[in-house]
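Here are my notes on the model, point by point. Please keep the structure open while reading.

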Amino acid sequence: MKRIDRVYKFVEDQTKELEPSELTKHSGVTTLEVSDALCIQRTNASKDLNTLVREGVIDKIDGRPVRYVSKSIFKHQPFSKYVKSYQEDVKIDQSKVPIISLSSDKFMYFDDIFKRIIGINGSMKNVIEQAKAAILYPPKGLNSLIIGPTGSGKTYFAHTMYQFAKQNNVINDNKELIVFNCADYANNPELLMSHLFGHVAGAYTGADQEKDGLISLAHNSFLFLDEIHRLPPEGQEMIFYFMDNGKFAKLGESKKEHSANVRIICATTEDPSSALLNTFMRRIPITIQLPSFKDRSPKEKVDLVCTMMSIEAKRIQRRIVLTDDVIKALIGSVSYGNVGQLKSNVQLVTAQAFLKQMDKGELHIMLDELNDSIKNGLIHLASDRQNLSELTALLEPKVTISPNEPLSIYEEDSYELPYNLYDIIGDKATLLKEDGFNQDAINHFITTDINIHLKSFYRGHGFTFDTETKLAEIIDRKVIETTRQIYDYAVDQLNYNFQSNFLYAMGLHISSFLNRYNRGEDIKAEENENIVRMISHYPKERELALVFKSYIEKNHHVILPESEVNYLTVLLVSLKETQKDGRIGIVVAAHGMSTASSMAQVAMQLLEVDNIRAVDMPLDMSPREALEKVIENVEDVSEGSGVLLLVDMGSLITFSDEIIERTTIEIKVVDMLTTSLVLEAARKSNLLDTKINDLHDYLLDFHGYRSELVLKKEEKPIKPHSKKAIIAICASGKGTAQRMKELINNYLTQYVEEDIEVLTASVVDLDEKVRSIEENYQILASTGIKKPNITVPFISMDQLFSPDGPLIISDIISHHYRQPDELDLSEHEAKKICQTYLNDHYTFINSNKIIDLLWSTCEYLVTEFLIKTDYTFYINTSMHLAGMIERCLLNNELTIDLDELEELNNSPYTKKVNDCLNGIMEELNIEFLESEVYYLNKIIENQLIR
């Protein structure tokens with residue numbers, strides 16, 4: 001038994017017989033008593049006791065000395081039992097935020113749903129206290145607003161508040177949390193009022209009978225208003241009138257005669273001072289600010305990963321073994337989506353491991369098996385050395401997650417899959433294996449599905465079966481016949497058009513269901529609230545799913561549960577082909593007072609078209625204001641076939657994701673704006689058979705109306721490649737170049753939102769390597785010890801490793817093609833760059849002790865070879881020498897072939913280079929191979945022929 005387990009058992013045994021009413025400041029055990037009883041050091045006893053307090057399994061009673069008790073003694077005591085005894089401790093500060101002060105002499109509790117929230121004693125401590133105050137504040141609680149970035153857990157937290165209210169008898173067990181997403185009716189106040197407050201018969205066309213709204217359903221319970229910032233002002237006014245008076249009128253009524261007792265929880269990602277009316281905010285006394293993922297402590301981040309992995313382990317009923325680097329990579333991979341993004345990445349990583357190790361008793365997840373976007377999380381994390389160090393101290397080299405670990409997790413959040421991903425993977429893999437596919441083929445077929453697991457499972461996966469013959473290799477013929485019947489019915493009877501992968505997606509889904517049914521598994525899954533709410537907007541697809549249900553039941557002698565009909569509806573919505581019924585719209589967005597307007601005006605006058613809108617952006621216009629103007633124009637010009645966004649700066653490309661999310665309009669972005677580009681886009685977009693993807697690809701290759709005939713005979717038009725690259729150059733193309741690559745990738749992750757590869761090259765075959773890269777990539781820049789013979793910016797190593805490195809990279813990627821200014825470094829500054837580099841990129845080298853040795857070696861080379869240089873040479877060579885030393889220590893030195901060895905032996909530089917290296921070898925008691933001498937020779941040679 002571990003020491004901490006012994007400590008917990010001792011506290012449990014000593015205090016489990018206590019009753020809450022018997023607690024005093026003398027109850028419990030002290031650190032000294034634990035130390036003496038278990039014969040352990042007092043410091044270790046204190047450490048373990050405080051760890052158990054943080055984990056929420058024991059509690060401390062403040063005093064001298066501090067005493068500890070087991071929280072299990074409170075498990076039968078509802079929190080509400082103690083409310084009256086501490087009402088006098090409730091106070092409201094000047095910001096109207098209630099603070100409940102709970103004295104340990106008066107009140108203690110443990111049976112608390114909030115214990116499941118990670119960070120209860122850390123980053124979440126204050127917000128949990130605020131939430132409890134909002135629920136328990138007499139007599140009816142307080143309305144509250146939850147603020148937090150996307151994915152921070154606002155929905156999850158609201159459900160927890162509701163469960164806490166139930167747990168403490170604030171509301172009855174038979175009451176439900178009523179959820180309403182304000183974005184659904186943001187632009188229709190009439191429907192908003194009907195949905196919230198109900199309507200009377202005849203209130204509007206189609207209102208045949210009276211109907212209650214969500215306010216009535218939430219009587220004596222809670223109403224959760226998500227995305228409250230999407231409510232128009234009149235909608236906010238409706239809500240705050242109800243908050244004030246508790247009365248409301250249904251749509252179509254003239255008097256507010258209905259009343260309801262409803263506690264309201266709101267949530268938003270926006271700044272409430274700018275997104276909500278002041279009159280609305282005054283009705284909400286408690287504002288709960290959830291922390292972003294980056295604001296969580298390292299321990300909380302690790303706990304979040306392990307808890308999410310525990311959920312996945314429980315689902316697949318297998319142990320999961322992770323390396324510490326995998327956990328670090330998952331933590332570092334969270335760039336924008338907070339806890340929600342982390343959960344998505346955990347599911348993705350586990351699903352990929354499950355697919356590859358389906359026949360194993362436990363899953364082993366290694367860093368090399370992660371996809372690049374998650375693996376790069378480790379590189380991103382390396383830029384924060386303190387955070388990385390704290391995570392390393394918390395983690396063992398391997399972490400084992402058991403499926404049997406107890407979890408007090410309430411899995412009600414928007415990042416839960418609406419189906420069992422592992423069942424689908426298992427069913428598909430079994431079918432493919434039975435039909436003779438090898439594991440590589442199975443992995444190939446299913447991996448794409450896993451990568452889009454948070455969207456509709458089959459949507460847009462890019463892998464289709466074009467014929468029933470091919471499909472028959474995977475699923476039963478009878479299932480294909482059923483799928484064909486329901487496809488023909490939808491197409492012939494209802495004139496539906498589906499994506500080409502309909503037979504594959506629907507067939508595999510039906511096959512998966514039938515397998516589970518025939519194995520006797522429980523298929524009566526609980527109704528998923530998100531799916532039910534979604535399909536309420538697709539009544540036709542719901543009716544069609546019921547017809548499909550009858551076909552499946554009749555042909556296969558089964559009974560489909562309601563949840564399966566709901567999922568068929570979702571699948572139908574996903575597979576239905578979007579109808580394109582108009583021209584492609586064009587929005588021209590450019591910085592300046594009239595730049596965009598001028599270009600758009602030329603196109604409209606010359607071509608007599610009206611599907612163009614212009615957004616002029618003065619330099620003092622804020623990005624948020626510009627985005628709103630772009631969205632307004634996108635919605636205005638859209639005719640159902642998508643919108644092209646033509647912009648003058650690459651930075652505007654980042655608008656596209658949010659525009660798509662908010663408008664659901666397909667957006668394609670083209671930068672490097674010119675009048676010719678606008679003219680050609682307008683001309684082609686007015687052809688009704690033009691598809692936006694085709695037009696986008698065409699415009700990327702468009703270089704104006706200048707004929708190729710006027711080019712000189714020896715000139716060739718340059719065709720831009722879709723792939724972009726930066727070249728990192730060192731002597732060998734391996735050690736230092738690889739570390740430059742890691743650094744640039746880190747810069748790209750932080751500052752650039754483009755897919756750009758960093759390729760390494762050696763000075764030995766640089767010209768040949770560059771020619772090869774140019775065939776497949778658009779080279780944006782190069783960096784390292786030598787400038788290649790290409791017309792792109794070159795970044796010297798001192799510039800790359802300087803504080804301006806990220807800005808230089810960002811400028812180049814943003815098409816501000818300029819040669820960075822040379823740095824005028826002092827010796828001290830040059831040494832500092834080297835030391836920072838060594839600290840960040842080497843494990844076995846102490847930069848403080850070795851920097852002078854490296855520097856003196858460089859001085860020897862400068863003197864012996866009469867090199868005319870600045871401190872750039874010192875930086876390049878010191879970094880290379882450091883790589884030589886570490887490779888020698890790791891027995892991982894470079895190799896050369898016989899021709900290169902002969903070249904080394906015949907080189908006039910070899911003797912002096914060997915003499916130079918003797919100082920390092922004697923000082924460090926190491927010996928360099930000839931291959932290392934060869935590449936240092938190349939650095940000298942490169943310097944002398946400049």
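1. Start with leucine 627. Beyond its neighbours within four places in sequence, leucine 627 contacts Phe655, Glu658, Ile659 and Arg662. The model is a predicted one. Leucine 627 sits in helix 25, which spans residues 623-637. Is leucine 627 buried or exposed? Its relative accessibility is 3%, so leucine 627 counts as buried. Valine 615 is 12 residues away from leucine 627 along the chain, and their C-alpha atoms are 9.7 Å apart.

2. Two of those partners pair with each other. Glutamate 658 and arginine 662 form a side-chain salt bridge, with 3.4 Å from N to O. Why are they about one helical turn apart? Because they are four residues apart in helix 26 (residues 655-663). Glutamate 658 is partly exposed at 28% relative accessibility. Arginine 662 is also partly exposed, with a relative accessible area of 31%.

3. Next, look at lysine 938. The side chain of lysine 938 meets that of glutamate 903 in a salt bridge of 2.6 Å, N to O. Glutamate 903 belongs to helix 36 (residues 898-906) and lysine 938 to helix 38 (residues 930-944), so this pair ties together parts 35 residues apart in sequence. The relative accessibility of glutamate 903 is 32%, which counts as partly exposed. Lysine 938, by contrast, is buried, with a relative accessible area of 11%. The cut-off for buried is under 20%.

4. Glutamate 941 meets lysine 938 in a salt bridge at 3.6 Å, N to O. Both lie in helix 38, three residues apart, so about one helical turn separates them. Glutamate 941 counts as partly exposed, at 28% relative accessibility.

5. How many salt bridges does the protein have? The count is 23. Elsewhere in the chain, Glu210, Asp212 and Lys250 are joined in a salt-bridge network.

6. Now the nonpolar cores. The largest has 79 residues. Which members touch the most others? They are Leu800, Phe801, Ile809, Leu917 and Phe928. Take isoleucine 809: leaving out residues up to four places away in sequence, isoleucine 809 touches Ile726, Ile744, Tyr747, Leu748, Ile795 and Leu800. Another core lies apart from this one; it has 35 residues, including Met309, Ile365, Leu370 and Leu395.

7. On the whole chain: the protein has 946 residues, and 51% of them count as buried. Its secondary structure comprises 38 helices and 24 strands. Take the contacts with a separation of 6 or more: 73% of them join residues 24 or more positions apart. The accessible surface is about 46600 Å², and carbon and sulfur atoms hold 47% of that.

8. Mean pLDDT is 76 for the protein, and 76% of the residues reach 70 or more. Which elements mark the two ends of the range? Strand 4 (residues 98-100) has the lowest mean pLDDT, at 31, while strand 5 (residues 144-147) has the highest, at 95. Residues 408-415 have pLDDT below 50, and the model gives this stretch 26 contacts beyond near neighbours in sequence. Residues 452-467 also stay under 50 in pLDDT, with 49 contacts beyond four places in sequence.

Technical notes. Residues numbered from 1 in each chain as written. Predicted model: local features only at pLDDT ≥ 70, side-chain atom pairs only at ≥ 80, totals over all residues. Heavy atoms only, no water. Core = buried A, V, L, I, M, F, W, Y, C linked by side-chain atoms within 4.5 Å. Buried < 20%, exposed > 50% of the residue type's maximum accessible area, 1.4 Å probe, protein only. Contact = heavy atoms within 4.5 Å. pLDDT = per-residue confidence, 0-100. Areas by Shrake-Rupley, 256 points an atom, 1.4 Å probe, with all protein chains shown as cover. Salt bridge = Lys/Arg side-chain N within 4 Å of Asp/Glu carboxyl O.
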